[in-house]
Amino acid sequence: MAAGTVNDLVVYAGRLRADAWSRDLRPAWLLIRDGRFAEIAPGADRPGDWPADLPHLDLGRAVVLPGLLDSHVHLTEPGDGTEPADRSVAENVELGVANARTALRAGVTTVADCGGPPEAVLAVRARTAALPDCARALVATAPITKVGGHSWRYGGEVRDAADLRALVGRYAASGVDFVKAMASGGGTPGAPPWEPGFDEDVLHAAVEAAASHGLPLKVHCLSAGSMRAAVTAGVVLVEHGKFRNAAEDGRGFDPAVADLLARSGAVVCPTLSVGHHVLSVPSGVSGEAGALWGRRHPHDLDDFRRLVESGVSMVSGTDAGWRFTPFDALPGELRMMAGAGMTNRQALAAATTDAATALGKGDLIGRIAPGYLADFVASGADPVDDLSALDRLVAVARDGHVLR
Ligand SMILES: [Zn+2]
């Protein structure tokens, strides 16, 4: 490459896919200045008035598309199935940086960290911002949960709405990118998925508190009741969107809740990767817990399909770090979403424009357009034709830094 500052660059894209909805993929030249797309020039010829001394990346016939967003990860969890460990802050930071590196290699230029120990998570965001081989992190720090509720170990327990408002205020002051709260139990001992987390009035306080600080609010919901309470309270971003019941017999789906989600305009992040990876790791979960996931995952996929058929909007997130979910799982997540009712184009939008919009970053990431951060990936084929093209990327760039 020629001289120039590291994130000034000229890119030739043989086929530019500016977003999931582009129809005609044509050649284009991308001028990147200071880590952002400055100009997009259609055509095969390099604009004559662009500076001649900038580094140059020729991507030949490759399809160049926006970097992907994983809307749900846990950077400070290992994704190897081990139980939560008492790691030091420094160990968690190293783990988080390594995980962000894995994500970027898979074309994931931005991750939304949906819960971890606050000090470590904020340090991972700062470290990865300065490391061009890592995905960018948007963070919530500790999810807000009832006393003894799901993920209480991260330190986000509150007793009531007043307590919650105070905690959201402290989070906002610490510079979080969004707020995460728990409307149901989950994988935490003593707080099973079908048990409620917060009541509707506390959820409503969370909606108001997050909005008052201009922060998106993501709410963990693993049961029909938790989704009804959350959406009724004004929640828009629903994590997991599962219909778990105590029997785990697949009969938890509630069409009225699906209808409520669709009518309210709620956006579900289905995290289908969790069950998939629990079941596909040879050394995975055995015994009764393994049998439980064996029953659970097929009805999770069925329920997802019914939500899509009901018209519910989706963004893609993997829950990487949790259980056995790796940080390069997003392309597989998109294939599962497409295999269970979405089109490839919708799945790609769920990982780009739609994910960015949900996080309040729709004017900054998720699209290749002037003014946007210069995040892109290149593949030999168009993912809209074949999502497995995302497994064979020929280039990944974040903020105009090219990884390969
Ligand atoms: Zn999670």
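Leaving aside its neighbours within four places in sequence, which residues is Val231 in contact with? I will come to that in a moment, after a word on the model.

What you see is a predicted model, in which local features need pLDDT of at least 70 and side-chain atom pairs count only at pLDDT 80 or more, while totals for chains, interfaces and linings use all residues. Residues are numbered from 1 along each chain as its sequence is written, and side-chain values use heavy atoms, with hydrogens and water left out.

Now to Val231, which has its place in helix α5, residues 224-232; helices here are DSSP runs of H or I with at least four residues, strands are runs of E with at least two, and both are numbered from the N terminus. Beyond the neighbours within four places in sequence, Val231 is in contact with Val238, Leu260, Leu261, Ser264 and Ala266, where contact means heavy atoms within 4.5 Å. Val231 counts as buried because its relative accessibility is 9%, and buried means under 20% relative accessible area, as against over 50% for exposed and in between for partly exposed, with a 1.4 Å probe and protein chains only. Val312 is 81 residues apart from Val231 along the chain, and their C-alpha atoms are separated by 12 Å.

Let us turn to the metal. The zinc ion has as its protein donors His72 through NE2, His74 through NE2 and Asp319 through OD, at 2.1 to 2.2 Å. Donors are N, O and S atoms within 2.8 Å of the metal (3.2 Å for Na, K and Ca), and since water is not among the atoms, sites may look incomplete. Along the sequence, the spacing of these donor residues is H-x1-H-x244-D. His72 is buried, at 0% relative accessibility, and His74 is buried too, with a relative accessible area of 5%. Asp319 sits in the loop between β15 (313-314) and α9 (330-339), and is buried with a relative accessible area of 5%. The phi angle of Asp319 is near 65°, which is a positive value in a residue other than glycine.

Glu248 also has a positive phi in a residue other than glycine, near 50°. This residue lies in the loop between β13 (237-240) and α6 (255-264), and is buried, with a relative accessible area of 2%.

Finally, I would like to look at two helix pairs. Helix α1 (residues 89-105) packs against helix α2 (residues 118-129) at an angle of about 45°, with the axes 9 Å apart; axes are lines fitted to C-alpha atoms, for helices over the stretch in contact, and angles run from 0 to 180 degrees between N-to-C directions. The two are therefore oblique to each other, given that angles under 35 degrees count as roughly parallel, over 145 as roughly antiparallel, 65 to 115 as roughly perpendicular and the rest as oblique. Among the residues making this contact are Val93 and Val97 of α1 and Ala123 and Val124 of α2.

In the second pair, the axes of α7 (residues 273-280) and α8 (residues 287-309) come within 10 Å and cross at roughly 135°, so α7 and α8 are oblique to each other as well. Here Val274, Gly275, His276, Val278 and Leu279 in α7 meet Gly290, Trp293, Gly294 and His297 in α8.
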